[in-house]
Amino acid sequence: MTPSSEDKVPRLPNPLALIETQRGHLFVWVPVFFAVGIVLYFNMPREPFVFECIWLICSGVVCSLLSLKFGELLSPVFCAFSLVIAGFFAAVLQANWVAAPVLDFRYYGPVEGRIVRIDRSHSNRTRYTLDQVVLARVAPDDTPERVRISVHGAQITPMRVPGQNVLLTAHLSPPPRPAEPGGFDFRRFAWFQQLGAVGYTRTPVMLLEPEHQDSPAAWLRSTRYGLSQTVQSWMPGGNGAFATAITTGDRSAIPSEILEDLRATNLAHLLAISGLHMGLLTGFVFGALRFLLAAIPLTALYLPIKKIAAVGALMAATIYLFLSGGNVATQRAFIMVAVMLIAICLDRRAITLQAVAVAALIVLVLQPNSLVSPGFQMSFSATIALVSVFGALRNWDWFGLPKIVKPMGAVVLSSAVAGIATAPVAAAHFNQFSQFGLIANILSVPIMGAIVMPAAVITFLLAPFGLSLIGVFFMELGIDWILWVAQTIAALDGSVRYVVTPQQWALPLFAIGGLFIALWQGKGRWVGAPILMCSAILWVQTQRPVLLISDTADLIGVLRENGRVLNKERGQGFVARSWLENDGVEPIQAVAFDPELDERLIIFDVGSTSITHVRSETDVADTCRVGIWIYAYRGVEMDGDCLQITPETLDRSGSLAFFETENGLTEVSSTEMSGNRLWSPFPHHQ
């Protein structure tokens with residue numbers, strides 16, 4: 001029989017058939033579509049209007065009803081639209097729910113408040129976050145909910161503790177705008193932390209009154225501080241600071257050199273109480289309880305020891321959550337661990353993509369803004385990659401390796417998989433890549449899991465009997481090894497490679513490609529490979545601005561063949577560091593300083609455009625000439641055909657970036673890139 005011409009026509013794959021192949025595995029995509037809605041909200045150029053929100057709610061309800069009416073093929077499509085709308089609306093609700101006053105002027109004077117957090121700035125200065133803030137001459141309705149103050153200079157008073165009410169004299173200002181257009185927007189971070197002002201003090205931090213121990217929160221803060229002091233009395237120095245960080249979450253005592261070594265070797269995640277610590281703690285408690293119950297014949301025969309061990313591990317995780325301060329990363333880790341332990345109690349497999357999806361959805365519903373944080377992205381990218389890889393290798397015979405070698409092989413493989421999955425995220429956010437991070441993690445993570453965390457549990461269990469030094473001995477041995485590994489590998493040449501900040505859509509494309517490969521079933525998953533390739537191409541083709549101007553006009557950066565040069569050797573260090581990091585070079589301002597740009601009146605060329613930077617009003621005539629004129633003083637009244645950039649114009653535009661195009665230099669402003677959002681409203685006089 002001769003085939004008809006119709007049969008010879010190649011048929012395109014049916015999209016609905018592709019959805020049909022995913023039936024039974026669709027739940028893992030629920031948090032993905034929910035996250036798409038959150039991403040859409042955070043990338044809007046302005047806040048949605050009320051009638052737009054009402055229209056979205058109605059659209060979501062309609063899509064949900066349509067998903068119930070249509071069959072199994074079309075219902076996932078309408079469900080996906082509903083989830084996107086739900087994610088968008090969840091982000092809108094959270095952004096408006098956390099709204100709090102933001103200081104809109106520079107303040108100097110007395111500041112009264114209660115310490116709720118102590119940490120260290122990038123320059124290794126002690127930093128206090130205060131709530132219940134009182135500012136002189138500022139109405140309560142205009143007073144920020146929280147302020148963060150760095151302590152400069154030597155303090156003659158002892159270090160304060162969370163819960164104490166303090167008084168100090170400080171310089172406060174609104175949360176700073178991005179160092180460059182499209183850069184990290186601290187204002188958005190501060191908005192969701194309800195930080196309405198940041199600043200510094202050079203005066204002693206005086207104690208008004210200690211915290212009253214008449215509430216559970218106050219008792220918990222006091223207990224946590226007491227544990228921190230106890231741990232540091234057991235292990236003084238850097239070891240004690242490391243131990244305090246992983247047990248109570250207090251990182252205020254860690255020396256800056258230890259932090260730098262840990263960051264350079266990709267071991268800084270050992271300090272943050274996140275999935276690794278929760279997993280190690282609950283894994284040890286679960287295994288120990290199950291072993292003890294199995295060793296007793298009566299309980300082994302008549303009780304569900306696996307479920308009892310899971311409940312005990314969940315209780316341990318809950319205690320750890322509260323004692324560690326319960327920050328966002330710890331809450332996220334607790335949710336992931338709790339979902340897996342509850343799955344054990346329900347006779348379900350604990351480590352599955354469905355369990356990870358449940359944890360991700362809970363986190364995104366409770367904290368939609370966590371999606372844009374590096375912590376969420378790195379933890380879930382590592383978890384998804386590990387579950388996918390080890391699920392695919394579940395029946396792998398490991399090439400017939402001896403049983404004693406298999407655990408080490410699993411450690412090496414898990415470190416490699418997690419490192420590969422998180423490396424692009426870390427490079428995009430922190431602009432650096434640890435060349436020997438895999439080696440450092442292989443040498444350190446097993447010690448963390450086999451010695452440090454079990455020893456920490458044993459230490460606290462034996463402490464009431466006066467036998468804590470037994471656990472402390474082994475805990476200190478493990479920490480000694482980890483810090484030695486970090487110091488040794490960080491000292492190697494080329495241990496850190498700096499990476500240029502990618503284009504806006506490079507990282508989202510990487511996430512889409514990775515999710516396709518990890519979550520899709522069948523051959524269709526390899527659609528993610530070309531998406532990953534597109535992400536890499538976008539990253540490589542990133543164009544950096546040839547001219548950067550800070551929002552005060554004091555600092556300028558010019559991109560030349562051998563890298564960016566700056567006009568100041570010191571001052572505005574955070575902005576200078578951000579520019580250099582985004583360029584993908586070592587962020588040392590003194591090295592990038594060019595003395596030729598540090599004159600009172602300097603004229604130079606960027607491409608075919610003349611740039612004049614005027615440091616003083618006595619250095620310029622009444623009329624500006626062609627090109628771009630940058631004035632570092634206020635009250636400029638000049639005539640001419642040039643583009644004039646003054647502190648007044650920068651008040652409206654924020655920092656500026658100029659890109660080289662075929663038509664000359666193209667200007668992009670920070671205000672334009674940030675949009676008119678709750679955390680970055682357009683200036684009233686714009």
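Predicted model: local features only at pLDDT ≥ 70, side-chain atom pairs only at ≥ 80, totals over all residues.
1. Let's start with a pair of strands. Strand β9 (residues 547-549) and strand β16 (residues 656-661) run antiparallel and are joined by 3 bridges.

2. β9 and β16 belong to an open sheet of 5 strands, in the order β11-β10-β9-β16-β17, and the pairing is antiparallel. At the edges sit β11 (563-566) and β17 (664-669), each of which pairs on one side only. Going from one strand to the next, the twist averages 20 degrees.

3. This sheet also has a helix to look at. Helix α21 (residues 573-583) lies across β9, β10 (556-560) and β11, and runs at about 170 degrees to β11.

4. There's another sheet worth a visit. Here 4 strands form an open sheet in the order β12-β13-β14-β15, and this time the pairing is mixed. Its edge strands are β12 (601-606) and β15 (643-645), each pairing on one side only. Leaving direction aside, neighbouring strands in this sheet are turned by 20 degrees against each other on average.

5. Look at the β12 end of that sheet. β12 and strand β13 (residues 609-614) run antiparallel, with 6 bridges joining them. A handy spot to check is Ile-603, which stands opposite Thr-612 in β13.

6. Next, a helix pair. Helix α4 (residues 50-69) packs against helix α5 (residues 75-97) at an angle of about 150 degrees, and their axes are 8 Å apart. Why call them roughly antiparallel? Angles over 145 degrees count as roughly antiparallel, and therefore α4 and α5 get that label. The crossing of α4 past α5 is left-handed.

7. Who touches whom in this helix pair? On the α4 side, the residues that meet α5 include Cys-53, Leu-56, Ile-57, Gly-60 and Cys-63. On the α5 side, among them are Phe-78, Phe-81, Ile-85, Phe-88, Phe-89 and Val-92. Sorted by class, the contact has 12 nonpolar and 6 polar residues, and no charged ones.

8. Finally, the whole protein. Its secondary structure comes to 24 helices and 17 strands. The radius of gyration is 28 Å, close to the 26 Å that the globule rule gives for 686 residues, so the protein is as compact as a globular protein of that length. Along its principal axes, the C-alpha trace spans about 95 × 90 × 55 Å.

Definitions and conventions:
Residues numbered from 1 in each chain as written. Heavy atoms only, no water. Axes fitted to C-alpha atoms, helices over the stretch in contact; angles between N-to-C directions. Helix = DSSP H or I, 4+ residues; strand = E, 2+ residues; numbered from the N terminus. Parallel < 35°, antiparallel > 145°, perpendicular 65-115°, else oblique. Left-handed = near helix turned anticlockwise from the far one by under 90°. Contact = heavy atoms within 4.5 Å. Nonpolar A, V, L, I, M, F, W, Y, C, P; charged D, E, K, R; others polar. Pairing = 2+ DSSP bridges. Rg over C-alpha atoms; globule rule 2.2 N^0.38 Å.
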